[in-house]
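Here is a short note on helix packing and charge pairs. Please read it with the structure open.

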Amino acid sequence: MNFIVLLVGLLALAIVITAVVVACFRKPIRGIFNRLIGEPLADAWVQYLTFVLYVVGFSCAVNSYRIDNYVMQRNKDALLTPLNLQTAILEAYHTVESVLGGLAWTLTAFFIVALIAYIIVRAFELKQPQK
């Protein structure tokens, strides 16, 4: 197996995983932004958060230190890690785990901030006199 094929495959896997996660969370994210900042600005913020999720997914795809073992020797006596089907499957598993973990933390941070913003907005709405 070629190193470049592995690298491109891992990045493609990360993009597919990110696309599925973005598709699953697009409606709730849009609803939150519509409620907090209104529809005109919500589209821009949804687009920005989508971009952020793709950046996080892409950046979590490959652990450069671990993947270096297939192309660089750590010292003159070290052997290169063999790049075969088993190591490719292991790297794919690590990619899935890393991408999902990164996206989960990003979405958790977003939802926590959104919850705090919702509480603040709700408090101001309750303070306003009834018409």
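1. Helices here are DSSP runs of H or I with at least four residues, numbered from the N terminus. One of them, helix H4, holds both Arg122 and Glu125. The two are three residues apart, so about one helical turn separates them. Keep in mind that this is a predicted model.

2. Arg122 and Glu125 pair through their side chains. They meet in a salt bridge, at 3.4 Å from N to O. Arg122 is partly exposed, with a relative accessible area of 36%. Glu125 is also partly exposed, at 32% relative accessibility.

3. Glu125 has another partner. Arg35 forms a salt bridge with Glu125, and the closest N and O atoms are 2.9 Å apart. Arg35 sits in helix H1 and Glu125 in helix H4, so this pair ties together parts that are 90 residues apart in sequence. The relative accessible area of Arg35 is 34%, which counts as partly exposed.

4. Take these pairs together. Arg35, Arg122 and Glu125 form one network, joined by salt bridges that share partners. In general, side chains of opposite charge can pair when their charged atoms come close.

5. How many salt bridges are there by this rule? The count is three. One of them links Asp43 with Arg30, with the closest N and O atoms 2.5 Å apart. Asp43 belongs to helix H2 and Arg30 to helix H1 (residues 3–37), so the pair ties together parts that are 13 residues apart in sequence. Asp43 has 42% relative accessibility and counts as partly exposed. Arg30, at 29%, is partly exposed too.

6. Now the packing of H1 on H2. Their axes lie 8 Å apart, at an angle of about 155°. Angles over 145 degrees count as roughly antiparallel, and H1 and H2 are therefore roughly antiparallel to each other. H1 passes H2 in a right-handed crossing. On the H1 side, the contact residues include Leu11, Ala14, Ile15, Val22, Ile29 and Phe33. On the H2 side they include Leu41, Trp45, Val46, Leu49, Leu53 and Phe58. By class, the contact of H1 with H2 has 16 nonpolar, four polar and four charged residues. Arg30 of H1 and Asp43 of H2 are both among the contact residues, and these two also form a salt bridge.

7. What about H2 and H4? Helix H2 (residues 39–59) packs against helix H4 (residues 85–127) at an angle of about 150°, with the axes 8 Å apart. That makes H2 roughly antiparallel to H4. The crossing of H2 past H4 is right-handed.

8. Which residues of H2 meet H4? They are Leu49, Val52, Leu53, Val56 and Gly57. Their counterparts in H4 are Val99, Gly102, Leu103, Thr106, Leu107 and Phe110. The contact of H2 with H4 divides into eight nonpolar, three polar and no charged residues.

9. Leu49, Leu53 and Gly57 take part in the contact with H4. Leu49, Leu53 and Gly57 are also listed in the contact of H1 with H2.

Note on methods. Residues numbered from 1 in each chain as written. Predicted model: local features only at pLDDT ≥ 70, side-chain atom pairs only at ≥ 80, totals over all residues. Heavy atoms only, no water. Axes fitted to C-alpha atoms, helices over the stretch in contact; angles between N-to-C directions. Parallel < 35°, antiparallel > 145°, perpendicular 65-115°, else oblique. Left-handed = near helix turned anticlockwise from the far one by under 90°. Contact = heavy atoms within 4.5 Å. Nonpolar A, V, L, I, M, F, W, Y, C, P; charged D, E, K, R; others polar. Salt bridge = Lys/Arg side-chain N within 4 Å of Asp/Glu carboxyl O. Buried < 20%, exposed > 50% of the residue type's maximum accessible area, 1.4 Å probe, protein only.
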